[in-house]
Amino acid sequence: MAFNKKEWTDRIAEYINRRLLTKEDGSTELVTVAREEGNVSQEGDAFNANNMNDLEQRISDEFVQVNKSLDGKQDKLTNPLTKSDVVNNLTSSATNVPLSANQGKVLNDKLTDLVTLENYTYDSVSIAAGTAPVVTPKSNTIPSGYSPISISDVNSGNTSVMIRSINKSGTLGLRNVGSSSVTVTPTVSVLCIKSSFVK
């Protein structure tokens, strides 16, 4: 991308401000004109060779910067990717072509299949004031082939009951910090991953 600069020059004349007026009767008269503009609130930029050549130079400089930013990219502009360049598999090692949207779905499905959010269920338990029992889940929804890796959410079932401890197997350490006995049914959600990915 090139920019051809124009060299501007000032007009040079013997009588730069002289004008020839032609009257209605056909006669002519030479006059010399000068500005009489009253108060000038802003002088403005003069239209002269110096200012115009400065503008040409600044435009030229910007073209140089644009060309530098395009270095190495010209091939992509003249040889753009086509539909046949799109890779529709997960085995290619190419580093200069895009992956298809379908393979994005394949990856997402694999990720969705890799992890799952499941739950532990507990029997209701009565906890006397000031006591700290340990309860274990009666069942869970963890599918075969998956292992718990972290606790996602836990709820003791009552604001008077604190969670003292919890492990990935769902065993809860509780404490009733209230002044009376309460019956609670804890709930726990656990993030699980395919066992084949657990070392």
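Is aspartate 109 buried, exposed or partly exposed? Keep that in mind as you look around; the reply comes in point 5. Here are some friendly notes for a first visit.

1. A word on the source before anything else: this is a predicted model. Please read the points below as a description of that model.

2. Now look at strand β9, residues 172-176. Four of its five residues are buried, so β9 is largely enclosed by the rest of the structure. On one side, β9 pairs with β5 (residues 134-135) in the antiparallel sense, over two bridges. To find this pairing on screen, look for valine 135, which stands opposite leucine 172 of β9.

3. The other partner of β9 is strand β8, residues 161-166; these two run antiparallel and are joined by five bridges.

4. Aspartate 109 counts as partly exposed, because its relative accessibility is 36%. Its side chain meets that of lysine 105 in a salt bridge, at 2.9 Å from N to O. Both residues belong to helix α3 (residues 101-114), where they are four residues apart and therefore separated by about one helical turn. Lysine 105 itself is exposed, with a relative accessible area of 51%; the cut-off for exposed is over 50%.

5. How many salt bridges does the model contain? The count comes to six, and the lysine 105 and aspartate 109 pair is one that forms such a bridge. Another joins lysine 138 to aspartate 123, whose closest N and O atoms are 3.4 Å apart. This pair links distant parts of the chain, 15 residues apart: lysine 138 sits in the loop between β5 and β6 (139-140), while aspartate 123 sits in the loop between β3 (115-121) and β4 (125-127). Lysine 138 counts as exposed, at 54% relative accessibility.

6. One further salt bridge is worth a visit: lysine 23 with glutamate 29, where the closest N and O atoms are 3.3 Å apart. Lysine 23 is partly exposed at 43% relative accessibility, and glutamate 29 is likewise partly exposed, at 36%.

7. Finally, take a look at serine 100, in the loop between α2 (74-78) and α3. Is serine 100 buried or exposed? Its relative accessible area is 12%, so serine 100 is buried, given that buried means under 20%. Leaving aside residues up to four places away in sequence, serine 100 touches Val86, Val87 and Asn88.

Methods. Residues numbered from 1 in each chain as written. Predicted model: local features only at pLDDT ≥ 70, side-chain atom pairs only at ≥ 80, totals over all residues. Heavy atoms only, no water. Buried < 20%, exposed > 50% of the residue type's maximum accessible area, 1.4 Å probe, protein only. Pairing = 2+ DSSP bridges. Salt bridge = Lys/Arg side-chain N within 4 Å of Asp/Glu carboxyl O. Contact = heavy atoms within 4.5 Å.
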